[in-house]
Protein chains: 2
Amino acid sequence: MQNFTFHNPTRIIFGEGQIAALNAEVPREARVLITCGGGSINTNGVLAQVQAALGDRAWFVFSGIEPNPTYETLMQAVAMAREKGIDFLLAVGGGSVIDGTKFIAAALKFEGEPWDILEKQAEVCDAMPFGSVLTLPATGSEMNNGGVISHRARGDKLSFSSDATYPRFSVLDPTVTYSLPSRQISNGVVDAFVHIIEQYITYPVGASVQDRFAEGLLIILTEVGPQALADPHNYSVRANLMWTATLALNGLIGAGVPQDWATHMLGHEITALHGLDHAQTLAIVLPAMLSVRRNEKRAKLLQYAERVWNIRQGSEDERISAAITATRVFFERMSVGTRLRDYEIGGGSISTLVAKLEEHGLTALGEHADVTPEVARRVYQLAV
Amino acid sequence: MQNFTFHNPTRIIFGEGQIAALNAEVPREARVLITCGGGSINTNGVLAQVQAALGDRAWFVFSGIEPNPTYETLMQAVAMAREKGIDFLLAVGGGSVIDGTKFIAAALKFEGEPWDILEKQAEVCDAMPFGSVLTLPATGSEMNNGGVISHRARGDKLSFSSDATYPRFSVLDPTVTYSLPSRQISNGVVDAFVHIIEQYITYPVGASVQDRFAEGLLIILTEVGPQALADPHNYSVRANLMWTATLALNGLIGAGVPQDWATHMLGHEITALHGLDHAQTLAIVLPAMLSVRRNEKRAKLLQYAERVWNIRQGSEDERISAAITATRVFFERMSVGTRLRDYEIGGGSISTLVAKLEEHGLTALGEHADVTPEVARRVYQLAV
């Protein structure tokens, strides 16, 4: 096990009916800015529950945070928060809304140009307190301190994190996910699955705790993912999906182990070039990435095959291939295509994708920093 | 899954050499009271490392916190902290030292008679900030907010917890456990194992995440426990043991599930009457408790048999019996006797033990509150 620091102060309030707990969590005298995305929380009753819980506190709504939240939009929220004298932010939505709210919180307390937080990785020493009501199990943003923000005008997509940008609390009510479109459930399951894989399938460092936790979460996703599509109102299924997606990226399974994240980086370029959903790009890249890097990842791939998929027969390479195939089949069972051609993208894009990685300085990715542009090209080629 | 709130703000600093990190964690201007137990930290180099890390801060040492920390001793530490103008406490030790330091921290900020925190469960709204350097993997106190304190004069042993009594940080350096006596390793493994069981073997509530995490931790203990005895300087083994014992009782696997704790209660009476180590009493009571309550716990016992011990053959009752036997064999492999007679205690004590449970009002224990004195008697009888 590698040395690590683990610290996660977010309070999780989990279960049916827990939106009402906002009344105890949001400071009594707070002036609250509710931040949200599109209109679904207006129609599915979530916003009404939130407003009821806030009672006679002064609250305002900033809506329109996009799926890939932009600096431009978020700075409008910063202006509104200042104008209204806001002192508490409440994100109501999925990962994009929560990521965006982290940036709003940081920008409100930042001296200087907030874009520096992203471009220059300027230190965020303080942030306005905020909480979240999660509506979409996927990114884990509800229990971590990171955010990914895009600059529409510049075409940049950059991340930041800070000890000051953990949500004070997050409310996780699995019943609010009942009305989600199946595509969002599919994407959420794939997203959480690949978050875990990026922290698990690297090389062994004797971290039994992190491995067992990662394997447990992966097994749960293979079970509840298809059930969540087939039986949308099954509380237990949605509860386990929601808690699993949170724990997939709250720092716990990634503490003390090497991490990869090359699949994410190669996927980001596909989204940027072709507009695919983030999870679709992960489902395309991961099986190809594991195939191309099977030697570097051999020991963990064999462990993954045995413990997650119960694959115990055959040679090492046969077991590894079977585990990669099982992963692909699982994504497709979640109705997420796993090849570029499933999205009508051909091999002609590959040179552009590789050039973009180079342009972004992403030339030494992965846990060994050995995913060079040439390796990335082979991954994209295998993913056609 | 049941509704739950999970919140754990303790910062974990994990790994070899991390005691030096105290310099960054303890406030620069702090006047520090180091709290500790006996003399081992003087001879194994831990206290020297702590003092070196504190540098030129003003620090004082209060030693002599007992294995079952007493109110009388802890109030001496409170007096010393007041006299020396202390504003930060640093527990250096195992669960007893950390439990005791939580009480010192609470008592220092408590208006009125601190014993009320225990006897009257008076609310602890504030506590002096404190951190810990863990020397013994066992109780999980380093990452939770609870403490168990005894009153020597009254013969009471009572617990308390508060949001204010989480350690600010805990340093977990596995190498400091290398010099522990094997009996303390044995006890620590059994203690952590039974902590997990008390939160896991109850009845199913569809909490897949908590189950998978509990099973993972149990499997790790069955692996690293014997290795820790056989190979005391194996870093990876000690690291996984230390992190497992912490996660066994940091609130995570117990959130959203029913909990038992009857084994602990029956064990406490054995300690009180016969002076056995806490873990010894757990090793005695647990196999008998699981046998007596096999019907109430049937579903989870079968799951435990399959997932932790890989027992898949035979009738349900055969599998359950095999799992209970495997548990007993494991404890004995850890050199902890699992029957009263192993400690020269006969059946003649049982009526006294049951009477003590009744005297302490512990007449409806367990996840169904159905462990009556009569059930407890059967458990003790089976444990002879």
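Figure 1. His274(B), shown here in the predicted model, is found in helix α10 of chain B. With 16 other C-beta atoms within 10 Å, His274(B) is partly exposed, since a residue counts as buried at 20 or more such atoms and as exposed at 12 or fewer. When residues up to four places away in sequence are left out, His274(B) touches Tyr343(B) and Ile345(B). Ser349(B) is 75 residues apart from His274(B) along the chain, and the C-alpha atoms of the two residues are separated by 9.2 Å.

**Figure 2. Helix α10 of chain A and its packing.** The helix α10(A) covers residues 262-274. At 1.5 Å a residue, its 13 residues should span 18 Å, and the end C-alpha atoms are 19 Å apart, which agrees with that expectation. The buried residues of α10(A) are Ala262(A), Thr263(A), Leu266(A), Gly267(A), His268(A), Glu269(A) and Ile270(A). These buried residues pack against one strand, β7 (156-161), and against the helices α7 (182-200), α11 (278-292), α14 (350-359) and α15 (373-382), which belong to chain A. After the helix comes Gly275(A), whose phi is positive, near 75 degrees.

**Figure 3. Two residues of chain B with positive phi that are not glycine.** Trp261(B) is found in the loop between α9 (235-247) and α10 (262-274) of chain B, and its phi is near 75 degrees, a positive value in a residue other than glycine. Trp261(B) has 16 C-beta neighbours inside 10 Å and therefore counts as partly exposed. Asn310(B) lies in another loop, the one between α12 (298-309) and α13 (316-333) of chain B, and although Asn310(B) is not a glycine, its phi is positive at about 60 degrees. With 10 other C-beta atoms within 10 Å, Asn310(B) is exposed.

Figure 4. Strand β4(B), residues 88-93, is mostly covered, with six of its six residues buried. In a regular strand the side chains alternate between the two faces of the sheet. In β4(B) both faces are covered, for Phe88(B), Leu90(B) and Val92(B) are buried on one side, and Leu89(B), Ala91(B) and Gly93(B) are buried on the other. Strand β2 (residues 31-36) of chain B is joined to β4(B) by five bridges, and these two strands run parallel; here Val32(B) has Phe88(B) as its bridge partner. Strand β5 (residues 130-134) of chain B also pairs with β4(B) in the parallel sense, over five bridges, and in this pairing Ala91(B) stands opposite Ser132(B).

Figure 5. Two copies of a chain are related by a rotation about an axis and a shift along it.

**Figure 6. The contact between the two chains.** In this view, 29 residues of chain A are in contact with 29 residues of chain B. The elements of chain A that give two or more residues to the side touching chain B are β1 (4-14), α8 (208-230) and α9 (235-247), and the largest share, nine residues, comes from β1(A). By class, this side of chain A has 14 nonpolar, 12 polar and three charged residues. Because 100% of the interface residues of chain A are also interface residues in chain B, the copies meet through the same surface. Seven bridges join β1(A) to strand β1 (residues 4-14) of chain B, and the two strands run antiparallel. Within this pairing, Asn8(A) stands opposite Asn8(B).

**Figure 7. The two assigned domains of chain A.** The domain assignment of chain A gives domain 1 (11-176) and domain 2 (181-382). Taken over C-alpha atoms, the centres of the two domains are separated by 27 Å. Across their contact, 14 residues of domain 1 meet 19 residues of domain 2. The side of domain 1 that touches domain 2 has, by class, seven nonpolar, four polar and three charged residues.

Methods: Residues numbered from 1 in each chain as written. Chains lettered and ligands numbered in written order. Predicted model: local features only at pLDDT ≥ 70, side-chain atom pairs only at ≥ 80, totals over all residues. Contact = placed C-beta atoms within 7 Å. Helix = DSSP H or I, 4+ residues; strand = E, 2+ residues; numbered from the N terminus. Nonpolar A, V, L, I, M, F, W, Y, C, P; charged D, E, K, R; others polar. Pairing = 2+ DSSP bridges. Expected span 1.5 Å × (residues − 1). Domains from an automatic or database assignment.
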